[in-house]
Amino acid sequence: MIDWQTPFEQVLDDSKLPFARWFVGGKTNLCHNAVDRHLKDRPDQKALVYLSTETGKEGSYTFRELHAEVNRVAAMIQDLGVAKGDRVIIYMPMVPEAVIAMLACARIGAVHSVVFGGFAANSLATRIDDAKPRLMITADAGMRGGKQINYKPLVDEALSLSKHPPEKVLLFNRGLDRDMAVQAGRDMDWETLRARHMDARVEPVWLESSEPSYILYTSGTTGKPKGVQRDTGGYAVALAASMKHIYTGQAGETMFTSSDIGWVVGHSYIVYGPLLAGMTTIVYEGLPIRPDPGIWWKIVQDNQVNIMFTSPTAVRVLKKQPPEFLHKYDVSSLRSLYLAGEPLDEPTARWIAEALQVNIIDNYWQTETGWPILSSVPAVEDLPRKFGSPGFAAYGFDIKLLDERSGEEVAVNEKGVLTAVPPLPPGCLSTVWGDDTRFVNTYFSNFENVLVYSTFDWATKDEDGYYFILGRTDDVINVAGHRLGTREIEEAVSAHPNIAEVAVVGVHDEVKGQAVIAFAVVKDASKVATSEAMAQMQKEVMATVDKELGAIARPARVCFVTLLPKTRSGKLLRRSIQALAEGREAGDLTTLDDPTALEQIKAAVAAWKSGK
Ligand code: PRX
C-alpha cells in the first residue's frame, strides 16, 4: 500500500515501552507516497480540488500538477535554508498552498507544525517557542463568514513575543490585505520565489520510519499545549490502511473532509489519507451555510464525492436549516458520511442518516492517535451500527475500560476510563515533542499498577461489545469538535487587568456540544456594580480571550462572582461548578471550604438562564 525506498527490518521494536517504533530500518517519504507514487497510474486525475466561498476562487491540481507545484515549493523552502529535521510552522487559511506547503516539508524531511489560523498571536508564540522553527509559512489573511482576518499582523506580533523566532517568513499574498506590512530581508514573497523555481525537481528525502513527519499541538490539563510528534512510516501505513478498511476510499474516488488543516482530521483526512489512497481530496474554505445551507451538497454533486467526513456540530447546524437544501442537489455519489471529534447524539445521527440515505459512521479518536481508536470497520466486517456508539476498537488498539481508582477493568455497562495497552498501533504519537518524560507522565502514568495509555475519556461497553463515549475525565472542553484546555482559557481570561481569578467550565450546548462558561472574580468590584458595567466587563473579557488565545476559545458567557468554590486545600471544584452550570447537583462537597461560593455560582447561573 505504500512504497519503501529501503524495506524495514523489524515490524515493531517494543523493547522500551511505552515507546514503540514501527517498521524499524525502513525508509520512506510521505510526499512520495501521497504524490509521486500516483504519477504512473493516475497522472491526470485530479488530486486536489479547491474552492472558497469566501473569495470565489476555485480550481484543481492533477497529480502531475501537484507534483510540479510541490517540487517548486520544496525548492523554495530549501532555498530559505530548510533541511531535513528542521521545523516549519505553517499558519495558513484553507488555500491549496497550505496543503502544498505541508507536502513540500514532508518531501525534504522537514517537520511541519501547522497552527490553526484561528489561534491568536500568543498561542502562536507559545508554539513557535516550543518548536523552534527555521521557517514560518503564512498568508496575508484568512476569511470566515465574509469577515477578513489579517494573519500577518498576528504573525508579526507572535514573532516579536517569541524567544525563538524563525529567521525567515514565507508569505503567500492572496491580495486580501492591501496594507500589509512587509519586513525586508525577513519576509519572502511566495510568488517571487516560485517564479525562480518553476522547473525545480527536488528528490524526496528518505526518512527512517520513526523519524518525525510532523508536530501538532493539542490541549490538555496544563496551560502549555503538547506537541504531538508523529513518525513517518507508521503513520503512512496506518493512514493507508484506514483509508482502505475504515473509510473505504478507492483510488480514483473523491473524499470531502470539512475540517481545517490546523486540526488532526485535516492532516489525516484532507491531506495525507486521501492522497496516499490515490483519491481526489477537496480543500474547502468557507462555512457549511454560506452562501446557503446547500453548499456542501452542491460540492458533493459537482465533484461526485464518494466519502465525506465532518463533525457532529456541523450536522447539527445544518439540521436547523430549511430541509429543502438537502434535496436540491444530487448526492447519489455519496456512500458514507464519517463523523468525529465529539459525541454524535442519536437524534442528529438519525436525522442525517434519513436525510442522506447513506451510511453514517461515528469514529472516535484523538490528535494523539492520528486515526480512529473506535469505529466501524466496514471494509473488514460491516457489523450493524448503533446510533450513539462509535462501535468497536479498531484493529491494533487493545482497549480496556478501567476503574478510575483501582485500575481494574469495569463490568459491562459500567463507566471506566478508556485506555489502550501499549504498544499503541502504527500512526499514534511517538512522543511529546522534545519531552519524552511528559509523554510518559501525561499519558502512561495514570494508573499505579498497569502501564496503559489513557485517552482521558470516560466510556462504557454494552453487552454486545459496543462502546459509548461519555466525556472527558480531565478539564478539556470540546466546543464544536475543537479541543480546548480550561487552563489555557483561564490564563487568557486572567490576562485582563481587572480579573483576579477565574474558573472556566464546559457546559452542554445543543449545537456545539459544549460551550465555554467563565466564572470570574474581579479585582475592582465597582467595575461590575451595574448590569451595564457587567455587560461591558464581559465584552472586555471576551475580547481579551480573542486576543490571547483566539476567538474559538471565547467564553459564551462570563459570570461575575466574588468567590470561587474550592476545597480547604485550595483546589478549584471545577466539576461541581460545571454540574451547577448544567443544572445538576453539585456532587461530593465534603471538602468544600466556603459554601457561599456555591450559592454565588447558583445565583449567577440562574441570572444567566433567565437572560439577565
Ligand atoms: O473527547 C474525545 C472527543 O474528542 C477528543 C479528541 O479531540 P482531538 O484531539 O481534537 O481529536 C479529534 C479527532 C477526531 C477525544 O478525546 N472525541 C473525538 N471523537 C469522538 C469524541 N467523542 C465522542 N465521540 C467521538 N466520535
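# Cavities and ligand site

The lining of the largest cavity comprises eight nonpolar residues, one polar residue and no charged residue. Nonpolar here covers Ala, Val, Leu, Ile, Met, Phe, Trp, Tyr, Cys and Pro, charged covers Asp, Glu, Lys and Arg, and polar covers the others, Gly among them. The model is predicted, with local features requiring pLDDT of at least 70 and side-chain atom pairs pLDDT 80 or more, while totals for chains, interfaces and linings use all residues. Numbering starts from 1 along each chain as its sequence is written, and side-chain values use heavy atoms, with hydrogens and water left out.

**Cavities**

- The structure contains five cavities of 30 Å³ or more (points on a 1 Å grid over the protein atoms alone where a 1.4 Å probe fits but cannot get out; lining residues have an atom within 4 Å of a point).
- The largest cavity holds about 70 Å³ of space (the space filled by probe spheres set on the points, which are joined across faces, edges and corners).
- Residues lining the largest cavity include Pro 293, Trp 297, Leu 318, Gln 321, Phe 325 and Trp 351.
- The second largest cavity has a volume of about 60 Å³, and its lining divides into six nonpolar, three polar and three charged residues.
- Among the residues lining the second largest cavity are Leu 344, Ile 360, Ile 361, Asp 362, Arg 385, Lys 386 and Phe 387.
- Strand 20 (residues 359-362) gives the largest share of the lining of the second largest cavity, three residues (strands are DSSP E runs of at least two residues and helices are H or I runs of at least four, numbered from the N terminus).

**Ligand site**

- Asp 362, Thr 367, Asp 457, Arg 472 and Arg 483 come nearest among the 17 residues around the ligand (a heavy atom within 4 Å).
- The shell around the ligand consists of seven nonpolar, five polar and five charged residues.
- A polar backbone atom of Gly 341 is 3.0 Å from a nitrogen atom of the ligand (polar contacts are pairs of N or O atoms within 3.5 Å).
- Asp 362 has a polar side-chain atom 2.8 Å from a nitrogen atom of the ligand.
- An N or O atom in the side chain of Asp 457 is 2.5 Å from an oxygen atom of the ligand.
- On its own the ligand has 550 Å² of accessible area, of which the protein covers 95% (Shrake-Rupley method, 1.4 Å probe).
- Helix 8 (264-276) and strand 27 (467-472) are the elements that give two or more residues to the shell around the ligand.

**Overall fold**

- The protein has 17 helices and 32 strands.
- Its C-alpha trace spans about 70 × 60 × 55 Å along the principal axes.

Note on methods: Polar contact = N/O pair within 3.5 Å; in protein donor to acceptor, adjacent residues only side chain to side chain. 1 Å grid on protein atoms, 1.4 Å probe; cavity = no way out; pocket = protein on both sides within 12 Å on 5 of 7 lines; lining within 4 Å.
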